[in-house]
Amino acid sequence: MSQMTKEINAITGTIIGISGKLILYALVILLLVEGITRGYAFGHEVFYATAMEPSPGTRYALTIPEGQTTAETAKLLKDVGLVKNEYAVQIQMWFYDYETYPGTYELSTAMTSKEILQILNVKPETQETKAGTSSTRSLETEPSDTQDSLQESEEGEPKQEVWLGEEGAE
């Protein structure tokens with residue numbers, strides 16, 4: 001190999017090495033920008049959540065069965081269309097120390113996830129039965145996984161009712 005070929009190979013190797021490093025740096029910067037953007041959007045959803053729809057929104061009567069975990073509750077809220085991100089709801093429940101209690105709740109898509117969690121954090125009203133024991137106010141449903149039915153609310157607007165599992169008097 002001649003001296004000229006060795007110099008060309010050295011220059012070519014240097015150029016390829018520098019090009020590879022530049023491509024690697026560009027990918028790292030791209031990943032950092034994307035990670036920061038998504039992280040900001042997630043943090044914004046946790047601390048400054050917005051409602052899914054403008055007021056008045058769609059109203060739901062949502063039943064939370066006894067023994068349901070926070071992850072299951074967050075997934076249910078996302079599946080029904082009350083929140084955008086179930087993981088942000090789980091973080092909110094942990095960060096703000098919210099609990100969910102079994103019962104039936106009146107919720108709307110015009111509520112933010114924090115407003116929904118504040119409602120779910122309060123035990124539902126109880127009614128005194130004739131025997132003197134208390135039971136949670138709820139409607140009995142059939143033992144299917146998820147049932148949807150459309151009813152009229154007090155204001156005459158359609159209201160979506162979502163029932164999960166078996167629910168009856170406690």
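Helix H3 (residues 86-95) and helix H4 (residues 113-120) have axes that come within 10 Å and cross at roughly 55°. That angle makes H3 oblique to H4, because angles under 35 degrees count as roughly parallel, over 145 as roughly antiparallel, 65 to 115 as roughly perpendicular and the rest as oblique. Axes here are lines fitted to C-alpha atoms, for helices over the stretch in contact, with angles running from 0 to 180 degrees between N-to-C directions. The crossing of H3 and H4 is right-handed, a term for a near helix turned clockwise from the far one by less than a right angle.

On the H3 side, the contact (heavy atoms within 4.5 Å) is made by Val 89, Gln 92 and Met 93, and on the H4 side by Ser 113, Lys 114 and Leu 117. These residues divide into 3 nonpolar, 2 polar and 1 charged. Ala, Val, Leu, Ile, Met, Phe, Trp, Tyr, Cys and Pro count as nonpolar, Asp, Glu, Lys and Arg as charged, and the others, Gly among them, as polar.

A quick word on the basis of all this: the model is predicted, so local features need pLDDT of at least 70 and side-chain atom pairs count only at pLDDT 80 or more, while totals for chains, interfaces and linings use all residues. Residues are numbered from 1 along each chain as its sequence is written, and side-chain values use heavy atoms, with hydrogens and water left out.

Now to the charged pairs. Searching the whole structure gives 3 salt bridges, each a side-chain nitrogen of Lys or Arg within 4 Å of a carboxyl oxygen of Asp or Glu.

| Salt bridge | Closest N to O |
|---|---|
| Glu 34 with Arg 38 | 2.7 Å |
| Arg 59 with Glu 106 | 2.8 Å |

Arg 59 is buried at 18% relative accessible area, whereas Glu 106 is partly exposed at 33%. Buried means under 20%, exposed over 50% and partly exposed in between, using a 1.4 Å probe and protein chains only.

Glu 34 and Arg 38 share helix H1 (residues 3-47), 4 residues apart, or about one turn of the helix. Glu 34 is partly exposed at 37%, and Arg 38 is exposed at 59%.

Helix H2 (residues 70-80) holds both Asp 79 and Lys 75, 4 residues apart. Asp 79 is exposed at 53%, while Lys 75 is partly exposed at 39%. Helices (H or I, at least four residues) and strands (E, at least two) are DSSP runs, numbered from the N terminus.
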